[in-house]
Every structure is written in C-alpha cells, then in structure tokens.
Amino acid sequence: MDFFLTEEQKIVQRLARDFAEKEIMPKVSTDDHAHRFQNEIVKKMADHGFFGSVFPEHYGGSNLGHIAHAIIVEEICRAESSLRHFFNMQALTCPLTILNWGTDQQKKKYIKKLIQCELFGVNAMTEPNAGSDFASIQTTAIKDGNSFVVNGSKMWISNAPIMDAGVVYVKTDPKIIPKHRGISCFIIEKDMPGLKRKEIKNKLGHHCAPTGELIFEDCRIPEQNLVGELGQGFKIAMNALDFGRISVAAGAVGVAQACIDESIRYCNEREAFGKRIGEFQMNQQKIADMIAGTEASRVLLYKAAFLADQNIRNTLESTIAKHIAAETCVKSARFAVEIFGGYGYSEEYPVARLYRDAIMYQTGEGSSNITSMIIALDGLGWKKVKVEY
Ligand SMILES: Cc1cc2nc3c(=O)[nH]c(=O)nc-3n(C[C@H](O)[C@H](O)[C@H](O)COP(=O)(O)OP(=O)(O)OC[C@H]3O[C@@H](n4cnc5c(N)ncnc54)[C@H](O)[C@@H]3O)c2cc1C
C-alpha cells in the first residue's frame, strides 16, 4: 500500500488546479456568472481532457482512471461546485453507462462526442414521485413494433435544458414483482418526437449547472436504443451510482477544501479584541475539524476510486466516501459561514455560495439517509454490498 500520487496523477492535479485558478476562479466572483451556464468553460474543460479519465484512448479518453477523475473533480469544485454535474453527464453516469452496457454501435455513436462535449448528456432516473425509491418510477415504455412508446416524466435532470442525448430509465414491465425487475435503460435524443424539456429555475445553488424536467408524451424510442437487456435497468443504474458516488465525493472534498482555504485566509486577516480571529481557540477548533474531516474524506475517496481502477466492486466504499464527504462538506460550509460572521451572510464573499452549494451533496446520488441505510444494512448483514478483496 502507498499513499503517493503517481507522476501522471500529479500532472493532472497541477493541470486541473491551474485551470481552476486561471479560468474559473476569476469568473465566479461576479454575480453574472453565478446565475448562468457558461458553455465555453465546460467546452474548455473537455478540451483539457477532463472528462476522459476513465475512457480508453480509442474513444477519445486518457485511460488515467478513477483516481485521476477524482483529483480533477476536487480541483474544479474547489473553484465552482456547479461544474461537478458535468462530470456525471460528460464523463460518468451517461457515457460510462454506455461504455459498460451499450452495444458497439451505441459506443461509437455517443461516447467520444459526449466526453468531448460535442453532445451534452443526461442521466435521467428521478421522477416527480420517485427519487430515493427508484424502483417505483412510473414512466412507462411499451413495445410497439420496432420501437417503445414512452409516457411519463423525469424531474431534477441535470443538463435537461441543454441536452443532446443521454440515458433514461423507464418501466418496460410495470406490473412485474419485484418492481425493480421491470426497469430498462434507453438512449434518448433531444429531437425525438414527443420529448419536451422544461428548465427548473430558481434553484438554491449550483447555478451554473442547468437542471430541468423531461416530459415524454407518446415519445417513440427505437428498440436499438435499448442499453443492456430488457429489465436490466435497475442493475445498470446501481452500477453507475458506484462510479457516480466517487465523483460526488470528490466534488464535496473540493467544496470542503474551498471552505478551509477561505476560512484560513479570513482567520489571518480579520481582527477582533485586538487579535487575529484565528487566535481564538473556538475558531481553531473549527479549522481543525474541517481539515481533519476533509483529509479523512479524501482518503476514503481515493480508496473507493482505487478499487474502481482495479475493477473491484466498490459499492460500500464509494457509498461511505460519498456519505462522509457530503457531511464534512456541509459542516465545513457552516463553519466557514460562522467564521466569516456577518460577512458570511453576504454574497460579497464566496462562503455564502459554498454554503448553498454544499447542501446539494447530501441529496444527489443517494441522499445521506439512503447512504446511511446502505452502510447500516451491510453492517447488520441484512443486505450485503461489500465484496471481499
Ligand atoms: C440540482 C439537482 C440535480 C439533480 N440531477 C439529477 C440527475 O441528473 N438525474 C437524476 O436522475 N436525478 C437528479 N437529481 C435528483 C436527486 O437524485 C434526487 O433529488 C434524490 O435522489 C432524492 O430524491 P427525491 O428528491 O425524490 O427525494 P425523496 O426520495 O422524496 O426523499 C425525501 C426525503 O426523505 C428521505 N428518504 C426517502 N426514502 C427514505 C428511506 N427509505 N429511509 C430514510 N429516509 C428516506 C430522503 O433522504 C430525503 O431526505 C438532482 C437533484 C438536484 C437537486
């Protein structure tokens, strides 16, 4: 065992940090940026190869692996957390699902274009009435000739307003028990007749990532767009979450690190009672908790990513990493706001944005309640997800 990054990983880290500091950080301080998706930043990220870490070279990837992916995500999210969503849509849950489960034709048609951001992707699981309870989705896809007719809707879908193509999970056998066996995965494209999109505006945070609804009204999906086998959708989605949670954990670590950076700077600048506020032990306690929690999250994150790089199932490890990183990130954002006092409540300083963005990490890719449940059920031995290695 060793804890050193390889030379390649160090190069990637420097590249991503440099990009974040030069291309992203100067822009996040303006209000304009805070409420707008910036296509050119995401495209530049693609040009730097940031979405290709876990893809082979013949699909335009760098094959550097999940640890490299985690390093890049941390650096980017240290600057702007919204950009984390694009790592799912252009690098993981969308194209990686096609890589792992799709046909050769699907791989050739979509993967390279997604990781190079020639196409914007989606990964559509959640519905207005089913998020955590994914097996209870109600959107149906009924076979008719050579296609499936889809009716229903998807909610909270990242990239929906700007999407070109992506994966959607629907019920192809709505009556089957157990329910999760009736779910299948398909590739959709924005111009399919019967598919409408609607932007969700006024989100609490993550303002640079567009989010929306997908509405299917007798939308026909050709049968060759099926990903994997009929009824295999639940398994495909859960497998995608194992990788997605690594990326979410990395984003949470990046936000937590940003909270540390801002708090340390302010603790050294601001004075009260004739002292720098960093001299007060209660503020030092917060700094210590933030640093210790973030470093622990980072180690768990690298362990989960290491297993993914060895092709070992990492459901428990990625869930633990995501759980701890999300909780640490929210706690660190709260501490940062407290350290900034009244100025923490102002959009003039970045900690207000970090606070709004941090909370998202407790929801996406399995809420903190759901990740707690997965960890506890494995521990109790009632639903094992851990594999021996
Ligand atoms: C900005 C944003 C982007 C998103 N992007 C995507 C996307 O690209 N694709 C996509 O498919 N989804 C996306 N989501 C949706 C997200 O994955 C869901 O919001 C999340 O899974 C929770 O589902 P829900 O909102 O339906 O909450 P619910 O499932 O209704 O949960 C509500 C509350 O009840 C708790 N709860 C539910 N079940 C249990 C249980 N069994 N035990 C204990 N507590 C429970 C939850 O933890 C939560 O606190 C996004 C959400 C947001 C906010």
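# A first look around the model

Guide: This is a predicted model. Let us begin with the ligand: α5 (84-91), β1 (121-124), β3 (147-158) and α12 (368-380) each supply at least two residues of the shell around the ligand.

Visitor: How many residues surround the ligand, and which are the closest?

Guide: The ligand is surrounded by 17 residues. The closest are Asn123, Thr126, Ser132, Trp156 and Ser367.

Visitor: How does that shell divide into nonpolar, polar and charged?

Guide: There are 8 nonpolar and 9 polar residues in the shell, and no charged ones.

Visitor: What lies 2.6 Å from an oxygen atom of the ligand?

Guide: A polar side-chain atom of Ser132 is at that distance from a ligand oxygen. For Ser367, a polar side-chain atom also lies 2.6 Å from an oxygen atom of the ligand.

Visitor: And which residue has a polar side-chain atom 3.0 Å from a nitrogen atom of the ligand?

Guide: That is Asn369. As for cover, the ligand on its own has 970 Å² of accessible area, and the protein covers 63% of it.

Visitor: Back to α5. Where is Asn88 found?

Guide: Asn88 sits in helix α5.

Visitor: Buried or exposed? I mean Asn88.

Guide: Asn88 has a relative accessible area of 4%. The cut-off for buried is under 20%, so Asn88 is buried.

Visitor: How many residues apart in sequence are Asn88 and Ile312?

Guide: They are 224 residues apart in sequence, and their C-alpha atoms are 20 Å apart in space.

Visitor: New topic, the nonpolar cores. Which residues touch the most other members in the largest one?

Guide: Ile24, Met45, Phe51, Ile76 and Tyr169 do, in a core of 91 residues. Helix α8 (residues 233-269) gives the most to this core, namely 17 residues.

Visitor: What does the second core include?

Guide: The second core is separate and has 19 residues, among them Ala124, Ala141, Met192 and Leu226.

Visitor: You mentioned Met45. Which residues of helix α3 are buried?

Guide: In α3 (residues 39-47), the buried residues include Ile41, Val42, Met45 and Ala46.

Visitor: Why are those four on the same side of α3?

Guide: Because they cover an arc of only 145 degrees around the axis, they lie on the same side of α3. An α-helix has 3.6 residues a turn, so residues three or four places apart point the same way.

Visitor: What follows α3?

Guide: Gly49 follows α3, and its phi is positive, near 80 degrees.

Visitor: Which residues other than glycine have a positive phi?

Guide: Asp218 is one of them, with a phi of about 50 degrees. It is found in strand β7 (residues 211-222). Phe273 is another, with phi near 50 degrees. Phe273 belongs to the loop between β9 (271-272) and β10 (275-276).

Visitor: Are those two residues buried or exposed?

Guide: Asp218 has a relative accessibility of 54%, and Phe273 has 82%. Exposed means over 50%, so Asp218 counts as exposed, and so does Phe273.

Visitor: Last one. Which residues does a cis peptide bond join?

Guide: Ile177 and Pro178, with omega at about -5 degrees. Pro178 is in the loop between β4 (165-171) and β5 (183-189).

Terms used: Residues are numbered from 1 along each chain as its sequence is written. This is a predicted model: local features need pLDDT of at least 70, side-chain atom pairs count only at pLDDT 80 or more; totals for chains, interfaces and linings use all residues. Side-chain values use heavy atoms; hydrogens and water are left out. A nonpolar core is a set of buried Ala, Val, Leu, Ile, Met, Phe, Trp, Tyr and Cys residues joined through side-chain atoms within 4.5 Å. Buried means under 20% relative accessible area, exposed over 50%, partly exposed in between (1.4 Å probe, protein chains only). The arc is that of the directions from the helix axis to the C-beta atoms. A residue is near a molecule or strand if one of its heavy atoms lies within 4 Å of it. A polar contact is a pair of N or O atoms within 3.5 Å; within protein, one must be able to donate a hydrogen and the other to accept it, and residues adjacent in sequence count only if both atoms are side-chain atoms. Accessible areas come from the Shrake-Rupley method with a 1.4 Å probe; for residues, only the protein chains shown count as cover. Ala, Val, Leu, Ile, Met, Phe, Trp, Tyr, Cys and Pro count as nonpolar, Asp, Glu, Lys and Arg as charged, and the others, Gly among them, as polar.
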